[in-house]
Amino acid sequence: MPESQNKKRNPMIIYVAFALLIMVLIQVFVVPTLKNQVVKDVSYDQFMSMVDEKKVETVQLDSTKLEITFTSTNADGDTQYYKTGMWPNDTTLAEKLQESGAEFTSVIPQTTSPFTLFVISMLLPIVIFVGLGVWLNKKLREKMGEDPTMTFGGGGLSSSPFGKSGAKIVADTDINETFASVAGQDEAKETLSEIVDFLHDPSRYESIGAKLPKGALLVGPPGTGKTLLARAVAGEAKVPFFSMSGSEFVEMFVGRGAAKVRDLFKQANEKAPCIVFIDEIDTIGKRRDTTLQSNDEREQTLNQLLTEMDGFDNHKGIVVLGATNRPETLDPALLRPGRFDRRVPVELPDLAGREAILRLHANQVKMQNPIDFGVIARATPGASGADLANIINEAALRAVREGRKFVLQEDLMESVEVVIAGMQRKSSVLSPHEKKIVAYHEIGHALVAAKVNHKAPVTKITIVPRTSGALGYTMQVEDEENYLLSKNDIINRLKVLAGGRAAEEVVFGDVTTGAANDIERATQIARDMITRYGMSDEYGFVAFGEQQSKYLGGGTKINGSEETLRDIDLEVSKTINDALADARQILKENKFKLHELAAYLMKKETITGDEFMNILTRDEKQGEKIAQGVGA
Ligand code: ADP
Ligand code: MG
Ligand code: ZN
């Protein structure tokens with residue numbers, strides 16, 4: 001992080017340069033003039049002889065000190081000051097002076113004593129040096145907060161108090177978000193509303209002796225509204241909101257993160273009641289381990305956080321909210337009572353939740369009725385709140401592109417596809433033959449889907465290539481949300497996935513790379529069946545899998561002996577290939593419809609689920625005719 005290094009080095013350079021400049025200026029301009037003003041002590045007879053030589057210009061008698069101060073021009077033409085003692089009862093002095101033409105003045109000339117010169121030329125720069133240093137220190141301290149453990153520039157001036165946390169921590173005092181800005185997530189809101197209540201009136205809880213949790217951890221996949229919820233809590237409670245992301249604490253220099261934590265809580269303590277929000281807390285809150293390659297900085301930061309959470313005074317009403325999508329990596333010390341002891345799951349929205357989120361975000365967009373948000377919600381299982389917000393926005397962008405003033409249902413449907421499969425690729429790169437393969441492939445999926453599963457009808461089939469790389473796709477929308485999948489459901493899903501490849505085999509007698517994604521997904525599903533869901537024919541009710549980071553789709557780590565792993569592989573491939581065989585069988589039985597539908601799709605490029613079902617349920621004979629026309 002060169003930037004943070006600069007930040008620290010710059011003030012030092014400026015400081016040294018500035019002090020040196022001032023010293024040079026003093027030496028060049030001030031000291032020479034002062035030197036001339038320094039008074040030379042001379043003897044009385046020297047004075048008298050100078051008077052005789054008519055060198056004395058002005059004379060001042062100081063009768064109280066019995067001193068004579070006089071000036072004379074030296075060889076350089078500068079005025080030089082002299083001093084001598086007064087000779088008692090020298091009555092001839094005035095006479096002699098008059099004779100020499102010297103001037104008697106009543107003003108004591110400005111002179112500088114050698115001591116003053118010493119002070120100005122030597123001591124003053126030191127004072128300036130130190131003063132400037134102190135001032136700069138103070139400035140930096142104000143700017144960055146305090147951190148006595150920091151060493152300046154990585155060593156040298158370790159006692160220099162230049163170490164600062166470097167963060168400007170400012171509380172957000174007027175948060176617009178409230179619980180009304182968060183659609184769905186009712187359980188999370190319910191848990192958090194207790195915290196809101198506490199922040200409103202901490203004394204009510206205190207008087208009964210109740211201790212409210214100091215911290216709550218919002219846990220869930222990305223984009224589900226964790227950050228939004230944290231802000232909404234502050235908005236509801238109308239308290240200041242201190243927000244920092246875990247990554248902001250972890251810096252190159254050891255100790256800075258800890259200093260920031262200290263700063264954060266110091267500020268919070270001043271502004272209480274308030275909320276301290278630490279986003280992506282897993283960055284600092286990772287389980288401390290004993291491996292060699294440990295991260296000192298992170299551990300120090302975490303330790304400081306733990307200390308602060310133990311230390312702060314909860315009567316004042318400070319609540320620490322954390323958010324993470326990797327709760328399994330968190331250090332257990334963070335989760336024990338008195339710290340983040342409340343866990344608030346913020347899961348992906350269900351059907352009703354998705355519809356609510358869509359409606360909420362649609363409020364900000366002009367729409368032309370009728371809009372059926374239910375269809376969009378059903379078409380987007382697994383979408384997060386952020387995805388849904390994005391879908392609404394994409395729809396609005398599309399409406400603008402098409403020169404409309406309102407968003408239509410079709411904009412929404414199209415933007416669902418954009419979010420799922422990427423933009424349409426306008427420059428068609430498919431040769432007619434490739435297009436034909438893609439059409440059969442997609443109809444293969446759709447036909448198998450229609451035959452095996454009536455709960456998730458096909459809603460759209462398209463062979464317009466997408467920027468994601470998909471050459472076409474078949475969209476199925478479930479009638480209702482499924483929370484449970486039976487083994488049969490899963491096998492049907494495998495058959496549908498195999499349908500594309502099966503169609504290629506049945507029609508062309510050859511296969512293409514187009515099924516790669518289908519195969520990947522099918523393999524994952526089959527593997528999960530065996531290793532996680534206990535649906536293996538051979539092993540049955542046993543789990544071999546260990547899920548990795550649940551919320552980030554980290555996949556499954558499979559454990560087992562070498563032999564077992566081999567068996568699992570065999571069973572996975574058998575399961576999938578059985579599904580493929582079934583799909584092939586279905587397509588063979590419906591070969592005429594396959595040809596008819598593929599021809600129709602090739603002509604139209606995109607067809608709706610209704611068109612598809614109409615053709616599928618039409619009488620067989622018509623299908624035969626069209627199939628011959630295609631000549632496949
Ligand atoms: P997270 O912190 O969980 O990754 P965010 O809180 O940053 O997710 O959410 C990102 C965006 O998604 C929000 O700004 C909001 O527009 C939208 N969003 C997510 N969940 C919801 C929800 N439940 N209701 C409304 N909008 C949501
Ligand atoms: Mg977030
Ligand atoms: Zn496919």
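View 1. At a relative accessibility of 8%, His445 counts as buried, a word used for residues under 20% relative accessible area, found with a 1.4 Å probe on protein chains only. His441 is buried as well, with a relative accessible area of 5%. In this predicted model, local features need pLDDT of at least 70 and side-chain atom pairs count only at pLDDT 80 or more, whereas totals for chains, interfaces and linings use all residues. Residues are numbered from 1 along each chain as its sequence is written, chains are lettered from A and ligands numbered from 1 in the order in which they are written, and side-chain values use heavy atoms, leaving out hydrogens and water.

**View 2. The donors of the zinc ion (ligand 3).** The protein donors are His441 (NE2), His445 (NE2) and Asp518 (OD), which lie 2.0 to 2.1 Å from the zinc ion; donors are N, O and S atoms within 2.8 Å of the metal (3.2 Å for Na, K and Ca), and the site may look incomplete because water is not among the atoms. His441 and His445 are separated by about one helical turn, because these residues are four apart in helix α17, a helix being a DSSP run of H or I with at least four residues, numbered from the N terminus.

**View 3. Ile443 and its contacts.** Ile443 touches Ile461, Leu594, Leu597, Ala598 and Leu601, leaving aside residues up to four places away in sequence, where contact means heavy atoms within 4.5 Å.

Key
Helix = DSSP H or I, 4+ residues; strand = E, 2+ residues; numbered from the N terminus. Buried < 20%, exposed > 50% of the residue type's maximum accessible area, 1.4 Å probe, protein only.
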